Amino acid sequence: MAKNLLIVESPAKAKTINKYLGKDFQVLASYGHVRDLLPKEGAVDTEHNFAMKYEVIERNEKHVDAIAKAAKAADDIYLATDLDREGEAISWHISEILKERGLVDGKKLHRVVFSEITPRAIKAAVATPRNLSHDMVDAQQARRALDYLVGFNLSPVLWRKVQRGLSAGRVQSPALRMIVEREEEIEAFVAREYWTVEAQLKHAEGDFSARLTKLHGKKFEQFDLTNEADAMAARAALKEAAHGQLTVSDVGSKERKRRPAPPFTTSTLQQEAARKLGFGTTRTMKIAQGLYEGVSLGSEGNVGLITYMRTDSTALSGEAVDELRQLIARDFGSKAVPDHAQVYRTKSKNAQEAHEAIRPTSAMRTPREVAPFLNDDQRKLYELIWKRTVACQMIHATLNTVSVDFDLKHVKGGDAAFRATGTTVVDPGFLAVYEEGRDQKSAEDDDEGRRLPRLSKGEQVPLRDILADQHFTEPPPRYSEASLVKALEEYGIGRPSTYASIIQVLQNREYVLLDNRRFRPTDVGRAVSKFLTQHFTQYVDYDFTARLEDELDAVSRGEEAWVPLMRRFWEPFKQQVEEKTESVDRSEATGARELGTDPKSGKPISVRLGRYGPYAQIGDKDTDEKLQFASLRPGQSMHTITLDEALELFKLPRKLGHAENGDEVSVGIGRFGPFVKQGSTYASLKAEDDPYTVELPRALQIVQEKLELLANRVIKDFGNGVQVLNGRYGPYITDGDKNARIPKDQEPKELTETQCLELLAAAPVKKGRFGKKSAATKAPAAKKAAAKKTATKKVLAKKTAVKKTATKKAAKKAAAKKAGA
């Protein structure tokens, strides 16, 4: 039995490390977090210094038991979870569980950390263990307690005031506010017209263009020409003054140097992977986790290919820099190696310089060498990390920017000038390996790569034409995953380990949607953000959230105690929750809007947010007995819909005519979407059918398809409510309350009543949308279930009795036959 137990977070990491430490060590995985707060109110005791009540996470109980069993037999226990605050907390939770079970008496608990999974790093970490950092654990506990208190206290307010099933998060809510505010900026944006003027010039070495920089004796600004008449007048005056040519008045040349980007941090990796590879933040982190934990490289076995992927440090170890400089000299020549190593300083206040940037564990493992062992996603991400790391230690790029000015005298209204620019690469330096991506291109980017012919002062260049082009200013772009991560980092909201989960939570809750890889808030997301911004302003304020993150960082450094921090947050927050629960009106909270008056009835038309999404309403619930409702169409928003668009919605249900049997056929929209109704038959419209334009023949076809489906739906009916049916996803068994799957090797037509009852009895009970049933509905349901159970037992007993009788008869028959013989 191994004398030492080493505990890591993931099984893949355990497998890689196990071969490095030999038979004296047993390496086990905790499979992530081992304990969490009890999922009920009171798990954080605000009356007693925020004491926290934990329980072992159910899915990880077997892994915890395996660790406990191994700990009992081990002499020394090494806690080797991740090196960040979250990893420290997992180590602490494991140590607490082992203490509670009395498994650490007389044994040493060691905390070991490493930023790469290589034999050298693992052995060095085990040789130099440290104690658990209770400051880091306190910071993580405070973070978890804050998230719990915000979620448990703010979410019920959203349920009452906005919509059931909603939830609010301490860090997600400011991120949602960013997306919503950007959407409001876009909606409020008013485009402005402007015109640019460009000279098209001819030259033996190649044609080129020059843009207008001076007009009417002064610098030409963006909004100097704002209509076609003025633009065309300026163009005509310039052409007339040019007489078919422009004269070079000045030639300027400027050499500039560009430094390589620093090595990757978590946020810059997520940004670049989004820009260059089209990877979402969650996908990027999942691939990076696999590269960090280890990939099988054939005869080498499992090897960790990159350093730890949750970091805000841009530092590189001395060994890594030495290896990079050797590789650069080998593959790109000694001229590509700078005289001194490039040193990068981290901007983040809490960056732990002991941690490294994300880099290959060995730069000598080139992307080409490891590519055969990686899947496509791993190959792309490893190559991105490798190139960025190598480039960061190469010499700067040298660029030459040439600008040529053309003065134009005697123009009607005053002198004018044009300028042509181009940039050429003198020495590519690091650009030979890698260039950082950008979210938006600048004028400088447009100039790069554009070559100008050799021109000298006084030279006359033939003019082909002068063009005037119309443009309109554009609204700010919606956030992409890359630009949102960048904004979160700039505001100081969240930390490297949380960016991916922030984005994932917003999407899972359907507060935002990805539209052409850009975030667009849903109506529910906007209602939540508006409610929180108006009534809990401080808690979605960017500066407040960033200051709280800084305070948590101070706790992790041992500069601040966590309980006073919690108290400063909790007391005003609790008071505000109580006050807003009483005072806020629901209509105002959901962002309801009155659009105008219905021309037919004279009643008000408004849009509101309901249980199943946004809808339009005719009438006022306080004065009208009967109200009319209509769901909004896909793509419509209650925040931008107009009165005319809302009136269109009330054209449903539409009467289309009659079927051959005289049944009226109509089309409408219900809770489950658009449908056709013929007599008492309802049939859902297909995705390509529009309820506002669909005609009678198509509607009859949809109903016919539904009737045919129903006719073939019943495979078997036992007459007691139990049926074998054809469903949307294939055959299944039902008794009206429960559904059961049919085993793959079983033919649906051949199922007996007994088999169906047995499969139904074993099937899981369907849960409602919001979990447990209320006490009022529980009792009848329980009675019904008990009655059904009894009925099932009776039928099974009856069948068993019949079976036994048949068996006895068969036995008697066989005995008689034997005697006769």
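Visitor: How are α9 and α12 placed, roughly parallel or roughly perpendicular to each other?

Guide: α9 and α12 are roughly perpendicular to each other. Angles of 65 to 115 degrees receive that name, those under 35 are roughly parallel, those over 145 roughly antiparallel, and the rest oblique. Here the angle is about 85 degrees, and the axes of α9 and of helix α12 (residues 376-391) lie 10 Å apart. An axis is a line fitted to C-alpha atoms, for helices over the stretch in contact, and angles run from 0 to 180 degrees between N-to-C directions. Helices (H or I, at least four residues) and strands (E, at least two) are DSSP runs numbered from the N terminus.

Please note that this is a predicted model, in which local features need pLDDT of at least 70 and side-chain atom pairs count only at pLDDT 80 or more, while totals for chains, interfaces and linings use all residues. Residues are numbered from 1 along each chain as its sequence is written, and side-chain values use heavy atoms, with hydrogens and water left out.

Visitor: Which residues make the contact between α9 and α12?

Guide: On the α9 side they are Arg-283, Thr-284, Ile-287, Ala-288 and Leu-291, and α12 contributes Asp-377, Gln-378, Leu-381 and Tyr-382. Contact means heavy atoms within 4.5 Å.

Visitor: Which residues of helix α14 are buried?

Guide: In α14 (residues 481-491), the buried residues are Glu-481, Ala-482, Ser-483, Leu-484, Val-485, Ala-487 and Leu-488. Buried means under 20% relative accessible area, exposed over 50%, and partly exposed in between (1.4 Å probe, protein chains only). The elements that cover these residues include helices α6 (172-188), α8 (266-277), α9 (281-293) and α15 (499-508), together with strands β18 (512-515) and β19 (518-521). After α14 comes Gly-492, with a positive phi near 80 degrees.

Visitor: Which residues touch the most other members of the largest nonpolar core?

Guide: As a general idea, nonpolar side chains in soluble globular proteins tend to be buried together. A nonpolar core is a set of buried Ala, Val, Leu, Ile, Met, Phe, Trp, Tyr and Cys residues joined through side-chain atoms within 4.5 Å. The largest one in this model has 109 residues, and Leu-98 and Phe-531 touch the most other members. Helix α5 (residues 134-161) gives the most to this core, with 11 residues. Beyond four places in sequence, Leu-98 touches Ile-67, Ala-68, Ala-71, Ile-77, Leu-103 and Val-104. A second, separate core of 61 residues includes Ala-357, Ile-358, Leu-381 and Cys-392.

Visitor: How many salt bridges does a search of the whole structure find?

Guide: Side chains of opposite charge can pair when their charged atoms come close. The search finds 50 salt bridges, each being a side-chain nitrogen of Lys or Arg within 4 Å of a carboxyl oxygen of Asp or Glu. In one of them, Glu-549 pairs with Arg-170, with the closest N and O atoms 3.9 Å apart. Glu-549 belongs to helix α17 (residues 542-556) and Arg-170 to the loop between α5 and α6, so the pair ties together parts 379 residues apart in sequence. Both Glu-549 and Arg-170 are buried.

Visitor: What separates Glu-272 and Lys-276 in helix α8?

Guide: They are separated by about one helical turn, because they are four residues apart in α8. Glu-272 and Lys-276 form a salt bridge whose closest N and O atoms are 3.6 Å apart. Glu-272 is buried at 1% relative accessibility, whereas Lys-276 is partly exposed at 37%. Salt bridges also link Glu-116, Arg-120, Glu-319, Glu-356 and Arg-359 in a network.

Visitor: In what order do the four strands of the open sheet stand?

Guide: Strands of a sheet pair through backbone hydrogen bonds, either parallel or antiparallel. The order here is β28-β29-β30-β31, with antiparallel pairing. At the edges are β28 (714-717) and β31 (739-741), each pairing on one side only. From one strand to the next, the twist averages 30 degrees. Two strands pair if DSSP finds at least two bridges between them; β29 (residues 723-727) and β30 (residues 730-734) have five. Gly-727 stands opposite Gly-730 in β30.
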